[in-house]
Amino acid sequence: MSALPHPARPDATAWPARVAAIDWAQAADDLHTQGHAVLPQLLDAAQCAALASLYGRAGPPLFRSRVVMQRHGFGLGEYQYFSYPLPDAVAGLRDALYPQLQPIANHWNAAMGIDVRFPARHADFIARCHAAGQLRPTPLLLQYGPGDYNCLHQDLYGEHVFPLQVAILLSEPGRDFTGGEFVLTEQRPRMQSRAEVVPLRQGDAVAFAVHHRPVQGTRGTYRVNMRHGVSRVRSGQRHTVGIIFHDAQ
């Protein structure tokens with residue numbers, strides 16, 4: 001157990017139960033048809049507030065690095081990557097969400113003609129990442145203020161990429177911030193890019209494609225290129241936790 005007082009931590013067995021309460025049949029259908037799915041009320045308000053409050057504990061041992069987006073051309077705002085051991089809530093959600101998404105990930109790879117398959121347990125997939133030199137944890141906590149935004153991007157980090165990830169909104173739109181919509185774009189072959197704004201409330205999560213997803217066309221299955229970002233925050237402060245299932249080189 002970490003010496004840090006980790007927030008909003010029900011017993012470890014509570015995370016699988018909370019995740020299992022999601023309508024995964026609907027989520028899987030949404031992911032297959034549109035490349036993303038809203039997972040409503042994955043966290044309650046107290047858990048959201050506790051996770052968001054961690055941002056003030058900058059640096060080790062809780063965080064391994066802090067990124068100011070403007071310095072890298074990523075947008076405006078900042079985020080911090082958690083260190084291992086992850087906070088209990090983040091680790092518990094990562095382990096509980098992965099088995100729900102793993103069958104979808106394997107289906108997508110098979111449909112796209114990609115030979116890689118993902119093991120049933122997240123620990124086994126992380127062992128694969130670490131054996132390939134991808135040792136740095138990727139779950140992160142993002143903070144936006146007025147005028148901040150996140151450019152469209154993909155969270156790849158290395159050779160071994162799990163094709164789905166999850167973002168959880170920790171702030172309440174209209175009360176804590178305005179603007180700051182979660183945005184997805186998809187690029188289909190020989191077509192213009194299409195954008196979609198995903199409405200979220202505090203505690204809602206969105207599962208979405210990291211890089212590619214399969215789409216059935218008239219001539220068979222083809223790959224759609226996906227990117228995600230956050231529109232400009234107009235007022236207030238917005239916090240999000242990102243659950244990425246592969247580690248980074």
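Biologist: How many salt bridges does the count come to?
Modeller: The count comes to eight salt bridges, and please keep in mind throughout that this is a predicted model.

Biologist: Which side chain does E78 meet in a salt bridge?
Modeller: E78 meets the side chain of R66, with 2.9 Å from N to O. Because E78 lies in strand β4 and R66 in strand β2 (residues 63–68), the pair ties together parts that are 12 residues apart in sequence.

Biologist: Switching to pockets, what volume does the largest one have?
Modeller: The largest pocket has a volume of about 410 Å³. Its lining is made up of 25 residues, and those closest to the centre of the pocket are L142, N150, H153, D155 and H228.

Biologist: Which elements give two or more residues to that lining?
Modeller: Those elements are β4 (78–82), β5 (140–144), β6 (149–153), β7 (164–169), β13 (220–230) and β15 (238–244). Sorted by class, the lining of this largest pocket has 14 nonpolar, nine polar and two charged residues.

Biologist: And the second largest pocket, how much space lies in there?
Modeller: About 300 Å³ lies in the second largest pocket, which is lined by 14 residues, with N109, I114, F118, E159 and V161 nearest its centre. The lining of the second largest pocket divides into eight nonpolar, four polar and two charged residues.

Biologist: Last topic, helices: at what angle do α2 and α5 cross?
Modeller: The axes of helix α2 (residues 24–34) and helix α5 (residues 88–111) cross at roughly 35 degrees and come within 11 Å; the crossing in which α2 passes α5 is right-handed.

Biologist: Which residues meet there?
Modeller: From α2 the residues are W24, A28, L31 and H32, and they meet L97, Q100, L101, I104, H107 and W108 of α5. By class, this contact of α2 with α5 has seven nonpolar and three polar residues, and no charged residues.

Definitions and conventions
Residues numbered from 1 in each chain as written. Predicted model: local features only at pLDDT ≥ 70, side-chain atom pairs only at ≥ 80, totals over all residues. Heavy atoms only, no water. 1 Å grid on protein atoms, 1.4 Å probe; cavity = no way out; pocket = protein on both sides within 12 Å on 5 of 7 lines; lining within 4 Å. Points joined across faces, edges and corners; volume = space filled by probe spheres on them. Helix = DSSP H or I, 4+ residues; strand = E, 2+ residues; numbered from the N terminus. Nonpolar A, V, L, I, M, F, W, Y, C, P; charged D, E, K, R; others polar. Axes fitted to C-alpha atoms, helices over the stretch in contact; angles between N-to-C directions. Left-handed = near helix turned anticlockwise from the far one by under 90°. Contact = heavy atoms within 4.5 Å. Salt bridge = Lys/Arg side-chain N within 4 Å of Asp/Glu carboxyl O.
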